[in-house]
Structure formats: C-alpha cells, structure tokens
Amino acid sequence: MNDRAVAYYRVSTARQGASGLGLDAQRAAVEALCLSRGWELIAPPFQEVESGKRDDRPELAKALHRAKLTGARLVIAKLDRLSRNAKFLIDLQESGVPFVAADMPDANELTVGIMALVARQERQAISRRTTEALAAAKARGQRLGNPNGAAAFRRAGKGNDAALEAVKAGAADRAESLRGTVQALAAEGITSLGGIAGALNAQGIVTARGGKWHASSVRNLLARVQK
C-alpha cells in the first residue's frame, strides 16, 4: 500500500453541514493523524451530509471507490460516533478498503465486524421490545396510540401502560447508546449540563425526539445513564 489517504467526513444534518459545525474538528483530527504517519491526503476530501432518515451514503461510496482506484486507505475522524450505525460499518467492512479512524487508530476489519454485529443486534432488540410491548397491550384490549405522545398520558394521569413502557424502553436504549459519548466528554472535562448539551449539539447528536439538547434533556439523559 502507498502512503496516500482519502478523507471522509460526515455530519448528520443539512444545517450542520452548511454551518460547518463539527467539520473543523474532524479535519483537524484526520490531518493530524496523516501528518504523524506521513500519509499524503488526496484532495478533495469527501463530505457526507445525512438526514438521519436515509441509509444511502453516496459520498462514502465515492470515497471508497477513490481509495480503491488509488490504492489509498480511507481515513475518518471518529469511528466511535458511527459505531452503532450498522449500515455504515457493514459498508466499510465489505468494501475491502483499508481504513484508519483517528479516534481508534488500532481498529481493524475484525473490530468493525464485531461493531457491525453489535449495532445490528441493538437495533433489532429495540424494535423487538417495542413490538412485543405494543402486541401485549393489543392482546389485552388496550387502545394503542395517542397523537400527543406519552406526555399527554402523563398529564391526563391515565393512558396506555404498555405504550408508556415502550417509550421508556426506547429512552433507556437511547441513553445507553450515548453512554460512551458522555464518558468521553467527561474525560475532556465537559461535565456541566450546559456544556454537555452544547457538545452534543455541536456533534450533530439529536435527542430521542430528534431535537436539540438543553440542560433539562441532558439531566434526564444522565439520570438514565447513571442507573
């Protein structure tokens, strides 16, 4: 293999992509790694803006294709940020292109394969638990669904216990998926509610409802993570 590298950056929303939030940090991490190892970055880098609702990654496909054509390795900034995305990991594993992640430089094809299996099982487990809870409720004759969500049930002091349990299970799974991110922020000295909220928003990580983080939502997240 030659000493060339293809950079791939990823942000999760069009707004974040337009503002450049998170991209500077990714570029800095990739460039620092390449400099330390004497790798030449092939320009231009490939940058993906994802909506979170789509699994196709045309820019990743282009980056992998360029790496194959040039015999270069693919370099990304943060594998841990994508470690729960089974589609990304499977594409990376099956491409046959050597890769290096700046945050996990010793990760290899076996590491990614294990991550892909874990990510796939987590997604299946979340889906299965939600489906089973709703099916059990339906079997008991409970009416499913409420256009105003779980908050309306709580305000009314009544509602669908199974649906509420499904919501709680989803929130617990979401918190668990963010455990590593929260621990990484703490290691960097970011421990205040506002600081964590700002860091999560800067990384393009959304709440379980797809919104931005605030001190109150971070407080709820930490309470679940610490259970």
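Three bridges, all in the predicted model described here, connect strand 3 (residues 73–76) with strand 4, and the two strands run parallel; within this pairing, V75 stands opposite V100 of strand 4. Strands are DSSP runs of E with at least two residues and helices are runs of H or I with at least four, both numbered from the N terminus, while two strands pair if DSSP finds at least two bridges between them. Residues are numbered from 1 along each chain as its sequence is written. Because the model is predicted, local features need pLDDT of at least 70, side-chain atom pairs count only at pLDDT 80 or more, and totals for chains, interfaces and linings use all residues.

Strand 1 is joined to strand 2 by 7 bridges, in parallel, and R10 stands opposite E48 of strand 2. Strand 1 is also joined to strand 3, again in parallel, by 4 bridges, where V6 has L74 as its bridge partner.

Together, the 4 strands form an open sheet with parallel pairing and the order 2-1-3-4. Strand 2 (40–49) and strand 4 (99–101) stand at the edges with a single partner strand each, so one side of each lacks a neighbour in the sheet.

Helix 2 (residues 23–37) lies across strand 1 (4–11), strand 2, strand 3 and strand 4, and runs at about 160° to strand 1; angles run from 0 to 180 degrees between N-to-C directions of axes fitted to C-alpha atoms, for helices over the stretch in contact, with contact meaning heavy atoms within 4.5 Å.

How values were computed:
Side-chain values use heavy atoms; hydrogens and water are left out.
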